[in-house]
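Okay, thanks for coming, everyone. I'd like to walk you through a two-chain model today, so let me put it up.

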Amino acid sequence: MGDYIIEAKGICYRYPCGKDALMGLDLRVERGSKLAVLGANGSGKTTLFLCLNGILRPQSGALCVQGRPVSYARRDLLEWRRRVGMVFQEPDDQVVAGTVMQDIAFGPLNLGLSHEEARMRATDVLHSLQIEHFRDRPTHELSHGERKLVAIAGVLAMRPELVILDEPTAGVDPAGAEQVLEVLETIHRQGTTLVISTHDMDMAYEWADGAAILVGGQTWCQGPVTDVFADRAALRGARLQSPWLLEVARGLQAKGIVTDGAQTIRSRGRLLEMLAGAREA
Amino acid sequence: MHLIDCYAYTNRWQTRHPAEKAAFAGGLLALSLILPLAGSLVVLAVVSAVTLGGARVPPRVYLRTLAIPLVFIAVGSLSLLLSVSFGAQGVHVGLATDQMARATRLLGRAVAAASCLCFLGLTTPALDWLPLLRRLRVPSVIVDIMFVVYRLLFVFIERLAAMHTAHEARLGYASVRSTFRSSGLIGANLLVFALKRARGMEMGMAARGFGPEIPVLPLECKPSRAVMAAVVLVWLVVAVIGLAVQRWFDG
């Protein structure tokens, strides 16, 4: 039995309009892991995330944070949201204040921290994301990518143990996406558990250590990235694709250029090493 | 809107404490209403000089901002000059020359008062008001609404611009008829967008532990005593000069 920071067992959520978004979904997030939640549009990723943060309340099923069933009492919700931070896909939903400083301090102040403490935390986060120069800028002047970083900073300032990010790199330019991933790498190294949703299979394959595929409000499969991506047919069935790295590795393996399993090639660097090794041999 | 906001963040006095600027503008606004016409004109001169020379707002921007209320003020003052009478020969519209003094006084006061507000708008970022208002114990509902409105204003402007461009790209404004139709569509879509955004923001704020009221960080600086004293001095000087000029003019 692993150490699960959050666990969903058979949760169902139906929107007031009658649409069933989650239909008996299971998900386990191990402490210290990097989990990618994959799935087609409308497969329930965002609804799941809103449930994991206590914003939507599943009509049935069980949700446990740190092994304890959740409670929706105000005090417990606050503690839950301090532990589990969520970054929305649309930064405009999350960036509430007019200046960056005010916005990042919003969460810490809601936790009841003093003004000085909130200001200090905001300064720390700005420093660690290397966006100190944003400090006094009005939020409406920031670009979409910059606003996304501010949204992430606002969540990190609450010092969560688990951060859930809904499509953190969508709509952000390549340099911005890289910056977001670097930030995630940094906080993961500091011990934060991460869950992201994405349509970018290449990024998910290189970045995550676990993956879950959602289809129609249920978990199609969850496991180590290499296992989940191994089944091509399953991927296609979920309206997803194999990452290019895996495809190339498979091709090289079929031609006998690479002898190790295709799944061992998890990064571009590794691929190049293998190719160089194959040439020498 | 964008123009005012832009200068509020870039003028030389952006970082001065809002209480200093509010005292300056508020005091002179009161004086422009209390003092006779000459006093209002002195207020207008002082505020204009301070906005242009002190805060270094470009004259073009200042005049453009002042021009907006000026239109309404002009219409209001001119209407005082018209006299309408219903006689045996029907409706008679004439110029009420006896109202000239009243109209000028109204014009002078209103322009001076508007210039004080323009000074505030152009020198003080709207968000600086929030900590100040919270400090002054303004009911939290009002401060919360200001907080959210200011943020959403820009979200909506962005959306409005995007929709306008999209309509333009499909010839939405090619004729009067299509202009009406496009504008109607924009209005309807903006309403739906606003409701959706409100729901999204509600969730976004909930995810960040939003409680009974929106927390606002206090300003890091304090109003300077010297500046406050100088502001009071300016009030007195303006009042004295205003009254003296009026006496000289009358006598």
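I'll go through the domains, then the sheet, the cores, a hairpin and finally the chain contact.

First, some housekeeping. This is a predicted model, with local features needing pLDDT of at least 70 and side-chain atom pairs counting only at pLDDT 80 or more, while totals for chains, interfaces and linings use all residues. Residues are numbered from 1 along each chain as its sequence is written, chains are lettered from A and ligands numbered from 1 in the order in which they are written, and side-chain values use heavy atoms, leaving out hydrogens and water.

So, domains; the bounds come from an automatic or database domain assignment. Chain A splits into domain 1 (4–242) and domain 2 (243–281), and their C-alpha centres are 32 Å apart. How many residues of domain 1 of chain A are in contact with domain 2 of chain A? Twelve, and they meet twelve residues of domain 2; contact here is heavy atoms within 4.5 Å. Between these two domains about 1100 Å² is buried, with carbon and sulfur atoms giving 49%. Buried area, by the way, is the accessible area (1.4 Å probe) that two parts lose on being put together, summed over both. On the domain 1 side, Tyr205(A), Glu206(A) and Ser242(A) supply 53% of the area buried against domain 2, more than any other three residues.

Over in chain B, domain 1 is 2–124 + 222–250 and domain 2 is 133–207.

Now look at the sheet in chain A. Six strands make an open sheet with mixed pairing, in the order S6-S7-S8-S3-S9-S10. Helices (H or I, at least four residues) and strands (E, at least two) are DSSP runs, numbered from the N terminus, and two strands pair if DSSP finds at least two bridges between them. Strand S6 (84–87) and strand S10 (218–224) each have a single partner strand, so one side of each has no neighbour in the sheet. S9 (residues 210–215) and S10(A) are antiparallel, with six bridges, and Ala211(A) sits opposite Gly223(A). Helix H7 (residues 174–189) of chain A packs on the sheet, touching S3, S7 and S8.

What about the cores? By nonpolar core I mean buried Ala, Val, Leu, Ile, Met, Phe, Trp, Tyr and Cys residues joined through side-chain atoms within 4.5 Å, and buried is under 20% relative accessible area (1.4 Å probe, protein chains only). The largest core has 57 residues, and Leu38(A) and Phe229(A) are among those touching the most other members. Helix H6 (residues 144–156) of chain A gives the most to this core, seven residues. Both domains of chain A contribute, so the core lies between them. Zoom in on Phe229(A): among the residues it touches are Leu38(A), Tyr205(A), Pro243(A) and Arg250(A). There's also a second, separate core of 49 residues, including Val96(A), Ala97(A), Tyr7(B) and Ile73(B).

Quick stop at chain B's hairpin. S1(B) and S2(B) form it with two residues between them. The strands, residues 82–87 and residues 90–95, run antiparallel and share six bridges, with Gly87(B) opposite Gly90(B).

Last thing: how do the chains meet? 36 residues of chain A contact 32 residues of chain B. Together the chains bury about 3000 Å², 58% of it on carbon and sulfur atoms. Within chain A, Phe106(A), Arg119(A) and His140(A) lose the most area to chain B, together 22% of what that side buries.

Note on methods. Buried means under 20% relative accessible area, exposed over 50%, partly exposed in between (1.4 Å probe, protein chains only). Axes are lines fitted to C-alpha atoms, for helices over the stretch in contact, and angles run from 0 to 180 degrees between N-to-C directions. Lists of a residue's contacts leave out its neighbours within four places in sequence.
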